[in-house]
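I opened this notebook to record what I looked up in one structure, entry by entry.

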Amino acid sequence: MARLKQLEQTLGRVFKSPSPKKSDTQRRQREEAKQLASEHGIEIEKLREGGMNVWPPKALPDCLDPFDGDHFAEDWTYALSMVKQYVAALPPAN
């Protein structure tokens, strides 16, 4: 009986079902940030270490860059906030 229990435990570890996927809590922010960025020429550069840099559009003068010197966003919520601020700082299109 003890060997049967040991076999059951061993097989249980081998044939363990995969853990459930974590929900993507920042999906909406990521999709919105990418959409706005592509519409306005804003670059979002993913970093290997985590986080991302959000670079301003070329049409935005350096003196109007609200993030001059610090373009790092630790997550998609902050990246979306940065993208929205860049869009708001853009001069109106003619």
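**Entry 1. Asp65.** I found that the side chain of Asp65 reaches the backbone nitrogen of Phe67 at 2.9 Å. I count a polar contact as a pair of N or O atoms within 3.5 Å, where within protein one must be able to donate a hydrogen and the other to accept it, and where residues adjacent in sequence count only if both atoms are side-chain atoms. This is a predicted model, in which local features need pLDDT of at least 70 and side-chain atom pairs count only at pLDDT 80 or more, while totals for chains, interfaces and linings use all residues. Residues are numbered from 1 along each chain as its sequence is written, and side-chain values use heavy atoms, with hydrogens and water left out.

I placed Asp65 in the loop between S2 and strand S3 (72-73); helices (H or I, at least four residues) and strands (E, at least two) are DSSP runs, numbered from the N terminus. Asp65 is buried, buried being under 20% relative accessible area, exposed over 50% and partly exposed in between (1.4 Å probe, protein chains only). Not counting residues up to four places away in sequence, Asp65 touches Pro56, Leu60, His71 and Tyr86, contact meaning heavy atoms within 4.5 Å.

**Entry 2. His71.** I then turned to His71, which is also in the loop between S2 and S3. His71 is buried because its relative accessible area is 10%. Its side chain makes a polar contact with that of Tyr86, at 2.9 Å. Beyond four places in sequence, the contacts of His71 include Met52, Val54, Asp65 and Met82.

**Entry 3. The core.** Of its 16 residues, Ile42, Met52, Val54, Ala73, Ala79 and Tyr86 touch the most other members. Helix H2 (27-40), strand S2 (52-55) and helix H3 (76-89) each supply at least two residues, and H3 gives the most, with 6. Leaving aside neighbours within four places in sequence, Ile42 is in contact with Ala37, Val54, Trp55, Pro57, Val83, Tyr86 and Val87.

**Entry 4. Salt bridges.** How many salt bridges does a search of the whole structure find? I recorded 4.

- Arg30 and Asp24 meet through their side chains at 2.6 Å, N to O; Arg30 is partly exposed at 21% relative accessibility, and Asp24 is partly exposed at 44%.
- Glu31 pairs with Arg27, the closest N and O atoms being 3.0 Å apart. The two are 4 residues apart in helix H2, so about one helical turn separates them.
- Lys84 pairs with Glu32, with the closest N and O atoms 3.5 Å apart. Lys84 lies in helix H3 and Glu32 in helix H2, so this pair ties together parts that are 52 residues apart in sequence.

I also noted that Arg28, Glu32 and Lys84 are linked in a network of salt bridges.

**Entry 5. Helix H1.** At 1.5 Å a residue, helix H1 should span 18 Å, the expected span being 1.5 Å times one less than the number of residues. The end C-alpha atoms of H1 are 19 Å apart, which agrees.

Technical notes:
A nonpolar core is a set of buried Ala, Val, Leu, Ile, Met, Phe, Trp, Tyr and Cys residues joined through side-chain atoms within 4.5 Å. Lys and Arg count as positive and Asp and Glu as negative; His and the chain ends are not counted.
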